[in-house]
Amino acid sequence: MILPRPLRPACGGVAGLVVACWPGATDPPRPPPPARIDAVPGVSAAGVVGSLVPTPVAVVVSDSSGHALPGARVLFSITTGNGSVSPTLAVTDAHGRAETHLTLGTIAGGNEVTAAVTGVALPARFAVNGLPDAARSVTIAPRLVRFPVGVDSVRLTTLTADLFGNRATESAS
């Protein structure tokens, strides 16, 4: 089939475009896969329940040669405790670093954040202890006290609790 003269250059241009866009012809090299995720030191070891930990939880992702890997997707999750992280998914920057912020849960005790990257077998883990806040309430027991005849004293017990019902200590930091 012979095409009219004005259409021939347009068809040749389309053929050139198809060859230039063929997969693998000019694809940029792919970055190496992630091989390691390391915790960045500096996260507080403890904080008051219900509060934001001041230092972010951070990791560095690297390839098998130990070079920082930008653009890796890091999933942060709470594996112990009832805290929360924000964001739960972060992408590493040009230095291979990704971070999230931890808010401790309302229950005193251990909180653990796990950072994982697809393709890396061992995740990074961070442990932060949630401490009770200052006392907000005092409970005295027994509630009803009756003095039998001839008794002039009775033993009372007290329980101090923070805003979330955790047994409060004398000094919370």
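Good morning. The backbone oxygen of Gly109 lies 3.2 Å from a polar atom of the Asn111 side chain, a polar contact (N or O atoms within 3.5 Å, one able to donate a hydrogen and the other to accept it; residues adjacent in sequence count only if both atoms are side-chain atoms). This is a predicted model, in which local features need pLDDT of at least 70 and side-chain atom pairs count only at pLDDT 80 or more, while totals for chains, interfaces and linings use all residues. Residues are numbered from 1 along each chain as its sequence is written, and side-chain values use heavy atoms, leaving out hydrogens and water.

Asn111 belongs to strand E8 (residues 109-116); strands are DSSP runs of at least two residues, numbered from the N terminus. With a relative accessible area of 3%, Asn111 is buried (under 20%; exposed is over 50%, partly exposed in between, with a 1.4 Å probe and protein chains only).

Let us turn to the sheet. Four strands form an open sheet in the order E1-E3-E7-E5, with antiparallel pairing; two strands pair if DSSP finds at least two bridges between them. Strand E1 (36-39) and strand E5 (84-86) stand at the edges with a single partner strand each, so one side of each lacks a neighbour in the sheet. E1 is joined to strand E3 (residues 57-62) by 4 bridges, and Ile37 stands opposite Val61 in E3.

Finally, Leu156 is in the loop between strand E10 (137-141) and strand E11 (157-161). Leu156 is partly exposed, with a relative accessible area of 46%. Thank you.
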